[in-house]
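The sequence and structure come first.

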Amino acid sequence: ARSSDFPVHISPRVALTADASTRLSMKHYQSDVPAWPLEHGLATCLPSLAHERVWEQISDVIERKKRISVILDEVTALLDMLADPKLHKSRTVQRTFDRFNHLLQNAHQIVALDADVGDAEIDVLLQLSGRPVHIYQIPEDLSDLKFREDTFSNFSRSRPTVKTLVMTDSINLSRLVPWMDTGKGQAGEGLSMLFVNSETRDTDEVKRFVADPNSFLTQNHYDVVVATPTIDTGLSITAPVFENVIGVFYGVVAPETMLQMLRRYRPARDFTIVRRNAGVNHQVYAAVLRHGLQRLLGRDSLVEPTLDAYSEFAIARKENIEARRALGVPGLFDIVTNAGAQVEAAALAEDDSEWLKLLSARSKQEKLARAEAVVNARDVPAERVDQLLAKPGDNEARQKFLVKRALGLDTPGARAITAEDVLWVDKYGHSAVALLEDVLWMEEPSDDGKFMESIDSTPAAARNHARKRANLVRGGLMALGLE
């Protein structure tokens, strides 16, 4: 990178960008804005390519025929981010994609870095850059690590007796485990606990943890820390503060991400892996996804849609994401076994049907309590909706607005929402499978009059359910930026 005229480091996370700007003596896209124009390179996050001032500087370097080196850090996460409009502020994803593509095509050299790069990532780099890809692989030796599988019933019964780090891909885990609390940071059964997730990341406690995890954990003696992919990149814990590391995975993230999450705690040599069924068949979803998104994004025809380059990229990338997720915990065990780690399968579980019934009842009670909290949350005036959605916190008011919009109850004179409404949207609105199945179920989405006429001819109960489904689809698509 230093041998080129102008290195550009692109990453999916602010922390990685800041680190790169220091190591490579580059300008940081946030802290060094007053020091522009740039001469010695730039470290930036991917979405910032859509910012005019950032792109003006890069365009100027391209026009002057400078030799540009592009460093793509965490390239798998970068491409996943590029395929997800929800991760971009405003509707700039198409502009970001075009500029990213243009930069790669005009780069003198491209260096893509990641712990696990697959064929799909290599194919995308080939397509976008139009040049050969040379692969330099550094084999990872995990022969000193041991992974032991355990059942969820054993995990949920066993109150920790030593300092424990729990890495999970589900923010709802704490609501299912009796020895944990409801996820709001109070002690559970006398345990001092820290929850690091999307709901708590803006608290002072979690901010201090993320800023300097080693000092924070050394000074604050938690019995249990429960962390989600909120800290999946750029965070490393080297202080020997935990005696036990447990991964509880529902299959929301890919096996490579599971391993990266577990390895955030560097001293660990023994890991316990707990597998949970997330209720999503990712293999089926990948097939439904392509069909559904083609119909949604194809502007000329619902049968043979004409897609632009970004839409083709986004569909293929989302298929790849779901294919990786489908590998689940068995995929994690394949990775670590191939790297030399010891793997111990779970022993046959005892008959724990009564215990699982207890957990199921607990889950239903928690969901009902959360639904009632949403119903009782404050109503936000229409003029403050954008502010509510952009501002962290106030989750109940935010969810109340989204439920009302999804069910078409955000208009003057509409009935008040009920806990049943919240539970219905929580069940279907957060499931991509259900959302896309509903899209396909709407045979003629472009002929709204004909569609509503067909609904009116059905019995009252079915008509009400069909309208809910239709409104949910529209609300979901708006939330995805696919109006």
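The model is predicted. Strand 2 (residues 27-28) and strand 3 are paired in parallel through 2 bridges, with Lys-27 opposite Leu-42 in strand 3. Strand 3 also runs parallel to strand 1 (residues 6-11), to which 4 bridges join it. In that pairing, Ile-10 stands opposite Thr-44.

Strand 3 itself spans residues 42-45. Leu-42 and Thr-44 point one way, whereas Ala-43 and Cys-45 point the other way, and all are buried. In a regular strand, side chains alternate between the two faces of the sheet.

Helix 1 (residues 14-23) has Leu-16, Thr-17, Ala-20 and Ser-21 as its buried residues. They lie on the same side of helix 1 because they cover an arc of only 135° around the axis. These buried residues pack against strand 1, strand 2, strand 3 and strand 4 (68-73). Ser-25, which follows helix 1, has a positive phi near 55°.

The largest nonpolar core has 35 residues, of which Phe-147, Phe-209, Leu-262 and Ile-273 touch the most other members. Leaving aside residues up to four places away in sequence, Phe-209 touches Leu-194, Val-196, Phe-216, Leu-217, Ile-231, Leu-235 and Ile-237. A second, separate core of 32 residues includes Leu-46, Ile-58, Val-75 and Leu-103.

How many aromatic pairs does the structure hold? There are 6 aromatic pairs, and two of them are set out below.

| Pair | Distance between ring centres | Angle between planes | Class |
|---|---|---|---|
| Phe-147 and Phe-271 | 4.9 Å | 15° | stacked |
| Phe-152 and Phe-155 | 6.0 Å | 50° | tilted |

The pair of Phe-147 and Phe-271 counts as stacked because its planes, at 15°, fall under the cut-off of 30 degrees. Phe-147 belongs to strand 6 (residues 146-150) and Phe-271 to strand 11 (residues 270-275), so this pair ties together parts that are 124 residues apart in sequence. Phe-147 is buried, with a relative accessible area of 0%, and Phe-271 is buried at 1%.

Phe-152 and Phe-155 are both buried.

Ring pairs also link Phe-209, Phe-216 and Tyr-222 into a cluster.

Note on methods: Residues numbered from 1 in each chain as written. Predicted model: local features only at pLDDT ≥ 70, side-chain atom pairs only at ≥ 80, totals over all residues. Heavy atoms only, no water. Buried < 20%, exposed > 50% of the residue type's maximum accessible area, 1.4 Å probe, protein only. Pairing = 2+ DSSP bridges. Core = buried A, V, L, I, M, F, W, Y, C linked by side-chain atoms within 4.5 Å. Contact = heavy atoms within 4.5 Å. Arc of directions from axis to C-beta. Phe/Tyr/Trp six-rings, centres within 6.5 Å; stacked < 30°, edge-to-face > 60°.
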